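Trainee: Could you take me through the salt bridges in this one, slowly, and then show me what the packing around them looks like?

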Amino acid sequence: MKITDKTVVQFHYTLKDEAGEELESSHAGDPLAYLHGHNNMLVGVEKALTDKEAGDKFSVTLQPEEAYGEIQADAVQRVPSKHLQGLPTPSAKWKPGMTAVVNTEQGQKQVTVIKAGKFMVTVDTNPPLAGKVLTFDLEVVDVRAATDEEVEHGHAHGVGGHHH
């Protein structure tokens, strides 16, 4: 079965930066699962997976606009430190360069600490991989027709997908 809209795709990936350094990989755990054609995947990855089949292995290099976007210069905000999550220990302090998670109206967002004060923290809300050219080594594990419920919900269910 080919990957088309309304198919659930399970795949493994290895993500590398422009220098070829591995940034992350799914191979140690379950494959990722997503509903194709429902904006649940990076534009460039979804485009590259279209018409592929289970067993296909290939690489795709994406420019920032097809991955995490260009860096937005105005994406700096001051937020109360109590709204940041992700300190390694409760007694740890926020320091520049650390990444944190903030709950927003659009869901959780990863941010990078620029400057930390006692009560307020200045953060960069650009995704950590914004502005970068990225290469994905992709391996399609499984392709199946989506269930009516998955199409209605707009995402894949089960292993590697969404759990209700």
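Predicted model: local features only at pLDDT ≥ 70, side-chain atom pairs only at ≥ 80, totals over all residues.

Mentor: Let's start with K2, which pairs with E53 in a salt bridge whose closest N and O atoms sit 3.1 Å apart. K2 belongs to the segment before strand 1 (7–16), while E53 is in the loop between helix 1 (43–49) and strand 4 (57–62), so this pair ties together parts that are 51 residues apart in sequence. How accessible are the two partners? K2 has 43% relative accessibility, which makes it partly exposed. E53 is partly exposed too, at 32%.

Next comes K16, which forms a salt bridge with D137, and here the closest N and O atoms are 2.8 Å apart. This pair also links distant parts of the chain: K16 is in strand 1 and D137 is in strand 10 (residues 134–145), 121 residues apart. K16 counts as partly exposed at 26% relative accessibility. For D137 the relative accessible area is 21%, and that residue is partly exposed as well.

Now look at R144 and E150, another salt bridge, with 2.8 Å between the closest N and O atoms. R144 is partly exposed, its relative accessible area being 30%. E150, on the other hand, is buried, with a relative accessible area of 2%. If you're keeping a tally, the count for the model comes to four salt bridges, and the ones I've walked through include K2 with E53 and K16 with D137.

On to the packing, where some of those elements turn up again. The largest nonpolar core has 21 residues, and F11, V45, L49, F136 and L138 are the ones with the most contacts inside it. Strand 1, helix 1, strand 4 and strand 10 each put in at least two residues. Strand 10 contributes the most, with five.

Leaving aside residues up to four places away in sequence, V45 touches F11, L62, F136 and L138. There's also another core that lies apart from the largest one, made of nine residues, with L84, W94, V111 and V121 among them.

Notes:
Residues numbered from 1 in each chain as written. Heavy atoms only, no water. Salt bridge = Lys/Arg side-chain N within 4 Å of Asp/Glu carboxyl O. Helix = DSSP H or I, 4+ residues; strand = E, 2+ residues; numbered from the N terminus. Buried < 20%, exposed > 50% of the residue type's maximum accessible area, 1.4 Å probe, protein only. Core = buried A, V, L, I, M, F, W, Y, C linked by side-chain atoms within 4.5 Å. Contact = heavy atoms within 4.5 Å.
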